2 protein chains.
Amino acid sequence: MPLHGKNIIAGELTALGSKTFRVYAPASGGPVAPDFHEATIPETDAAMAAAGMAFPLYRKLPPATVASFLEKIAQEIEALGPELIDRAVLESGLPPDRITGERARTMGQLRMFAGLVREGSWVDARIDRAIPDRKPLPKPDVRRLLVPIGPVVVFCATNFPLAFSVAGGDTASALAAGCPVVVKGNRAHAGTAELVATAVAKAAAASGVPPGAFSLVQGANHEINQRLVRHPAARAVGFTGSLRGGRELFDQAVKRPDPIPVYAEMGSVNPVFVLPGALRERGEAIAEGLKGSFTLGNGQFCTKPGMVFALEGEDLAKFTHKLAGLTTAQPPGTLLHQGILKSFGEGVTALTQVPGVQIAAQSAAAADSSKTQARAAMFATDGGTFLKEHRLSEEVFGPSTVVVRCGSKSELEKIALGLEGHLTGTIHGTEADLREFAALIAILETKVGRLVFNAFPTGVEVCPSMNHGGPWPATSYSGYTSVGTAAIYRWARPLSFQGFPSDQLPAELQNKNVRRIWRTLDGKLTQEDF
Amino acid sequence: MPLHGKNIIAGELTALGSKTFRVYAPASGGPVAPDFHEATIPETDAAMAAAGMAFPLYRKLPPATVASFLEKIAQEIEALGPELIDRAVLESGLPPDRITGERARTMGQLRMFAGLVREGSWVDARIDRAIPDRKPLPKPDVRRLLVPIGPVVVFCATNFPLAFSVAGGDTASALAAGCPVVVKGNRAHAGTAELVATAVAKAAAASGVPPGAFSLVQGANHEINQRLVRHPAARAVGFTGSLRGGRELFDQAVKRPDPIPVYAEMGSVNPVFVLPGALRERGEAIAEGLKGSFTLGNGQFCTKPGMVFALEGEDLAKFTHKLAGLTTAQPPGTLLHQGILKSFGEGVTALTQVPGVQIAAQSAAAADSSKTQARAAMFATDGGTFLKEHRLSEEVFGPSTVVVRCGSKSELEKIALGLEGHLTGTIHGTEADLREFAALIAILETKVGRLVFNAFPTGVEVCPSMNHGGPWPATSYSGYTSVGTAAIYRWARPLSFQGFPSDQLPAELQNKNVRRIWRTLDGKLTQEDF
């Protein structure tokens, strides 16, 4: 079916505005049909109002219905078949294998949250029974669970057209929590957004979910972003993108008469520390892994390792030589869009101009900028320069990394102490290195959301123990992850009931534990009734 | 021992500033000795820097040490004996019984958090084991726990000189989480603050806790508040007080280059709905309970019921008559300080001037304003006026409440829909009322943090299931409570470890579950080793 280019608001197609745009296909460098209608302010308001109206119904749906809805979304996405894969490849320039893998991850996430909701213990039910004869005061019966906060605005990520876009991790976790979602499409992949949104709307209709529980507004203007974030019905925002973009939304949200949280995952530079034992024993293998990691998806991951620290010496020289060779041999790759190509070029130029920084290697093959291609780049510098030049601590989105030669263990520690927040920190080391550099690792624990040992930070496992978040500027609220089951907690808040008859309470809090969830009963975890 | 009037910074007494102030005793209306030295900017910075330096040590202390420290604080507070009670009574104007009860609550909170830390499951440990032969990609070993975020700034609450001040719920939960704390004393009870801070410092010294883990800065100027909230070492803020005060701190914190959360509990008006069956069956008893609740602590609780809704008719007329009589008979009470007396007076006057609002009753006895006394006040109005006049939805801190006569069930629902966020919502009803007014209760669920059935919202039980928080403006982040064990989550964030050898991990994440905590192992809760 041809793309219609319209907004999808509570199940209805709308195109009230006269402003349209086309997606540019990065690999061919040309605009592709159809015209997409940018949402107007009234359409944006309508989407938010519909979400607000749907909330009382949606939040009361049985967990089994919500779970089926999520599973049905996965099914409908799969049913889009090659049309979705082709369009996402066209719009992102990413290879079909990657997009197919991302689709699998997206469906996996939807099913994971379906499982979480069906099982039900995520609501963290807590029951403290009354003690009427307690002295000096009687103890009341208090019971608590987590409830959805209300309508959530989700901004599609440029670098994940499926897994962090229309039905990606933010949407899946918010819908799972019981929150209606209004998605703002990313103009770089508006057609992919339309296809996936159609699948979600279809799944809603088939699952008895109120249509207002999901809308997609298309466009690329700041006014609509602001309107969404400042709309009275909005209760929280999910965002994955740049620090600048995330901060803009954050600043809007905190200026509201009733501030709301913007859960922004704003990327990071992901320091890698290659400790002496590991460098000596398997420096070449680490260089190979590192090259694979910093060029994966052409370096367009928020977990791309963009800074590498090691003690100077012969082992590091060998490592650097190896990495330079691999970088030179790396073919240029197509970036997501011309804007990213431009920023990447500027980032590379800026690094080249920092005194004390050398460009150690670049892809030997020429890049065709009309095909949005960029050459991989590897820089080298020393610890003193790194400590002096803040520019080296800023994210360069794309296939580049900086190797920093450090003079001593204490310089490594000083560098670690000065780091801002990052999503990940990676350590390559032997067990002896771990012992010797325990102080360094202790510092890194306070700087990142995930510590990786003898592996690479790209490739984020979706599981209960994953933390994809970190101190500012990695994310806006370091208490939350955007990947894994715990991502649901961004969209929920506690609600206590005091003194209610058991049968008037939500099922999760009644005396008989009909859902067999884990509950904290008088301070002890149990699945029992009472 | 006489009070010294100095700041207590990392165990040292300091008085660098020349600016001093005295506490006014509200019941006598006079200033009392000694002079307190307002902290200077260098002293404020020193306290924050000491907290930052102490963090790496403090966060690595064994849980048993932290638990003993908290228990030792409780002991030292108790050891202050009548000196503490007398000073807190003098400074707050609250009766000795209340202060003694508050001291018991404060010690109870410290011991509760000690128990939580000693048991250890609060870190929400999650372990997903590796599956090296998974297709298409191997599954890595990922393990996650909650870790402390870093130094926390706590502002003492005016209305809880013990339970929400120097060693109150915010401090106890932050210290329990592993965060150093810098407390900003409240100028209304600086002597109480000094006594308690001395107890904390003593407990730290006796427990092997680095002195920088706790400091008290005294004073009353905004510059110091700002400095604390904007200090680079600060990672979060705890505050209990007015909307204006909380918003001010919030606005400072979000303007930082690296915004931090201000967990502000800013009070609320706590709507009470008296449903027809209950009004008919036990209207007089409810009136008695309500009078007790809105005048408890002279109405100086954030859970004070300040608005009461019921359907008009004979039963409501009887209820109103009864409540008016009780209010008239209520003796005037001493408020916490002259500033609160003034605001209360202004609030009462403002309500009197709203067209359609009648003052239904006031304490008959005269109030002595030189003793900071206020008369209880009860207002009456109708639903239409309430819907029109936002003034009626604003908190009046002190012994007052407004009874609103509503015309219909749908008017009650309309009023509920228009409510802002509140800490609590109370329903008095029969089981038949609950069924008939299910829609009203469903609305209230989205507006408050705690729903109370057939009881009153004052008197907040400290337990795992308590939620003392709610949608803005009740609190700044509705996902968190400031009372009960869950209060600890404000000061923690997840940290994942990927691929680490078991013996290099925090004890909570090692294969052998030495601490026997509950952990989520491959998605299942268990206390087992593996």
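Predicted model: local features only at pLDDT ≥ 70, side-chain atom pairs only at ≥ 80, totals over all residues.
1. Domains of chain A. The domain assignment divides chain A into domain 1 (9-23 + 30-266 + 481-490) and domain 2 (271-453). Taken over C-alpha atoms, the centres of domain 1 and domain 2 of chain A are 33 Å apart. Domain 1 of chain A contributes 8 residues to the contact, and domain 2 of chain A contributes 9 residues. On the side of domain 1 of chain A that touches domain 2 of chain A, 2 residues are nonpolar, 4 are polar and 2 are charged.

2. The seven-stranded sheet of chain A. In chain A, an open sheet is built from 7 strands in the order 2-1-9-8-7-10-11, with mixed pairing. Strand 2 (12-14) and strand 11 (262-265) of chain A each have a single partner strand, so one side of each is left without a neighbour in the sheet. From one strand to the next, the twist averages 20°.

3. Strand 1 and helix 1 of chain A. Within the sheet of chain A, strand 1 (residues 7-9) pairs with strand 9 (residues 214-217) in the antiparallel sense over 2 bridges. In this pairing, A:Ile8 is placed opposite A:Leu216 of strand 9 of chain A. Helix 1 (residues 41-58) of chain A lies across strand 1, strand 2, strand 8 (181-184) and strand 9 of chain A. The helix runs at about 165° to strand 9 of chain A.

4. Helices 7 and 8 of chain A. The axes of helix 7 (residues 222-230) and helix 8 of chain A come within 9 Å and cross at roughly 45°. That angle makes helix 7 of chain A oblique to helix 8 of chain A. The crossing of helix 7 of chain A past helix 8 of chain A is right-handed. Helix 7 of chain A makes the contact through A:Asn225, A:Gln226, A:Val229 and A:Arg230, while helix 8 of chain A supplies A:Leu249, A:Gln252 and A:Ala253. By class, the residues of this contact between helix 7 and helix 8 of chain A are 3 nonpolar, 3 polar and 1 charged.

5. Helices 9 and 10 of chain A. Helix 9 (residues 276-295) and helix 10 (residues 314-329) of chain A have axes that come within 9 Å and cross at roughly 25°. Helix 9 and helix 10 of chain A are therefore roughly parallel to each other. Helix 9 of chain A passes helix 10 of chain A with a right-handed crossing. Residues of helix 9 of chain A in the contact include A:Leu279, A:Gly283, A:Ile286 and A:Leu290. Among those they meet in helix 10 of chain A are A:Leu316, A:Phe319, A:Leu323 and A:Leu326. The contact of helix 9 with helix 10 of chain A holds 8 nonpolar, 2 polar and 7 charged residues.

6. The seven-stranded sheet of chain B. Chain B has an open sheet of 7 strands, ordered 2-1-9-8-7-10-11, with mixed pairing. Its edge strands are strand 2 (12-14) and strand 11 (262-265) of chain B, each of which pairs on one side only. The twist averages 20° from one strand to the next. Strand 7 (residues 152-155) and strand 10 (residues 236-240) of chain B pair in the parallel sense over 3 bridges. B:Val153 stands opposite B:Val237, a residue of strand 10 of chain B.

7. Helices on the sheet of chain B. Helix 7 (residues 222-230) of chain B lies across strand 7, strand 8 (181-184), strand 9 (214-217), strand 10 and strand 11 of chain B, and runs at about 165° to strand 8 of chain B. Helix 8 (residues 243-254) of chain B lies across strand 10 and strand 11 of chain B, running at about 170° to strand 11 of chain B.

8. Contact between the chains. Chain A places 61 residues in contact with 60 residues of chain B. Elements giving two or more residues to the side of chain A that touches chain B include strand 5 (125-128), strand 6 (142-148), helix 8 (243-254) and strand 20 (448-453) of chain A. Strand 21 of chain A gives the largest share of this side, 7 residues. The side of chain A that touches chain B has 32 nonpolar, 18 polar and 11 charged residues.

9. Strand 20 of chain A pairs with strand 21 (residues 492-498) of chain B in the parallel sense over 3 bridges. The bridge partner of A:Leu451 in strand 21 of chain B is B:Phe497.

Terms used
Residues numbered from 1 in each chain as written. Chains lettered and ligands numbered in written order. Axes fitted to C-alpha atoms, helices over the stretch in contact; angles between N-to-C directions. Helix = DSSP H or I, 4+ residues; strand = E, 2+ residues; numbered from the N terminus. Parallel < 35°, antiparallel > 145°, perpendicular 65-115°, else oblique. Left-handed = near helix turned anticlockwise from the far one by under 90°. Contact = placed C-beta atoms within 7 Å. Nonpolar A, V, L, I, M, F, W, Y, C, P; charged D, E, K, R; others polar. Pairing = 2+ DSSP bridges. Domains from an automatic or database assignment.
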